[in-house]
Amino acid sequence: MEKRANQIDRLSDVALFVRVAERGNFSLAAKDWHLSPSTVSKLVDRLEGRLKVRLFDRTPRAVTLTPAGRIFYVKALALLEAAEGAQSAVMQEHDDVRGKLRVHAPPVFARHDLARLMPRFLARYPEVRIELFVGLDTPSLTERGLDVLIHSGDLPDSSMVARRVSTVRWIVCGSPAYLAQHGTPQRPEDLLRHNCLNFVGREAWNHWQVGWPDMPQEQLAIGNFSASDGGVLLEMARGGAGIARLGDFHVRSDIDSGRLVPLFLSDAFEEEPVLAAYHHRKHLSARIQAFVDFLADELQPRNQEMDHWLAALRATAVRPAP
């Protein structure tokens, strides 16, 4: 029994070593594990003493792997994956999903989808604890110690794997008052004569795809106001400050109520996949698997309903004369 306990302690030391290697910092790794930096340093020293090799080069500014440390890191990952796989297999066999789940998501998705769905997820899996980080940035999973990254567009890290859980269709719209005063743009180039409300920090989002299906066109949208939050842009568009390009789920109720008027309905809506990205693991942990499966299952009906709604809108649209 004592020998088995020592083996578990050693596996814990290996997991801590991996966290220090990924964070590149004793203090950050200590924070992740709710330990003091001195305790982490001592545990790493213990591991190095047991292996009789130096795993890290330490400087006041950084902690980097030695050549031996890099070799051990690769083997350590394989060891932890095997241990995680064994645990996941047992947990899935008994439908036992538990533990802390650290998730990062964009603000709009967090408010409109996660906040709506998480009560049901947590009721189904009461032993899961979720830490949700919200922001427009696209952090590295290892830098933040994340389990899942909700992201739209290309993945920032080739080591990630991802599953499509939803789709965003971007809709250009303005208030009736704004359009009555400034006119309704008919073609992409007409946007140059309008005040376009944009996002800060996502420059790619400020190039609006509004061309026809047979003549796709990207139009730079320029205006006097930008924000890092889509909710602010929505309020500005409602108030008649300009034209905005926002996600379908974000503006649907305003379009249905007449507060906003959709534009370029005869064009091809720009679509973007919403991905749940996570570390590549041969055996995915039960809690991550359950979370990703839940999102995909819960969001599928909403996506299908949105497709029908957009089809009905477009059925009434008339393509402008050339």
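I looked up His 104 first: its bridge partner in β4 is Phe 133. The model is predicted, and I read every entry here with that in mind. On the β5 side, I found His 104 opposite Leu 149.

I found seven bridges between β3 and strand β4 (residues 128-134), and the two run parallel. Strand β5 (residues 148-152) is also parallel to β3, joined to it by two bridges.

With helix α5 (residues 107-124) between them in the unit's name order, β3, α5 and β4 form a β-α-β unit that is right-handed.

Is β3 largely enclosed, or open? I checked burial along residues 99-105: five of the seven are buried, so the rest of the structure largely encloses this strand. The cut-off I used for buried is under 20% relative accessible area.

I turned to the largest nonpolar core, which has 49 residues. Ile 150, Phe 291 and Leu 295 touch the most other members. Helix α10 (residues 286-315) is the top contributor to this core, with 13 residues.

I listed the contacts of Ile 150, skipping neighbours within four places in sequence. They are Val 103, His 104, Ala 105, Pro 106, Phe 109, Val 274, Leu 275, Ala 276 and Leu 295.

Last, I noted a second, separate core of 17 residues, with Leu 16, Ala 29, Leu 55 and Leu 65 among them.

Methods. Residues are numbered from 1 along each chain as its sequence is written. This is a predicted model: local features need pLDDT of at least 70, side-chain atom pairs count only at pLDDT 80 or more; totals for chains, interfaces and linings use all residues. Side-chain values use heavy atoms; hydrogens and water are left out. Buried means under 20% relative accessible area, exposed over 50%, partly exposed in between (1.4 Å probe, protein chains only). Helices (H or I, at least four residues) and strands (E, at least two) are DSSP runs, numbered from the N terminus. Two strands pair if DSSP finds at least two bridges between them. A crossover is right-handed if, with the strands pointing away from the viewer, the path from the first strand over the helix to the second runs clockwise. A nonpolar core is a set of buried Ala, Val, Leu, Ile, Met, Phe, Trp, Tyr and Cys residues joined through side-chain atoms within 4.5 Å. Contact means heavy atoms within 4.5 Å.
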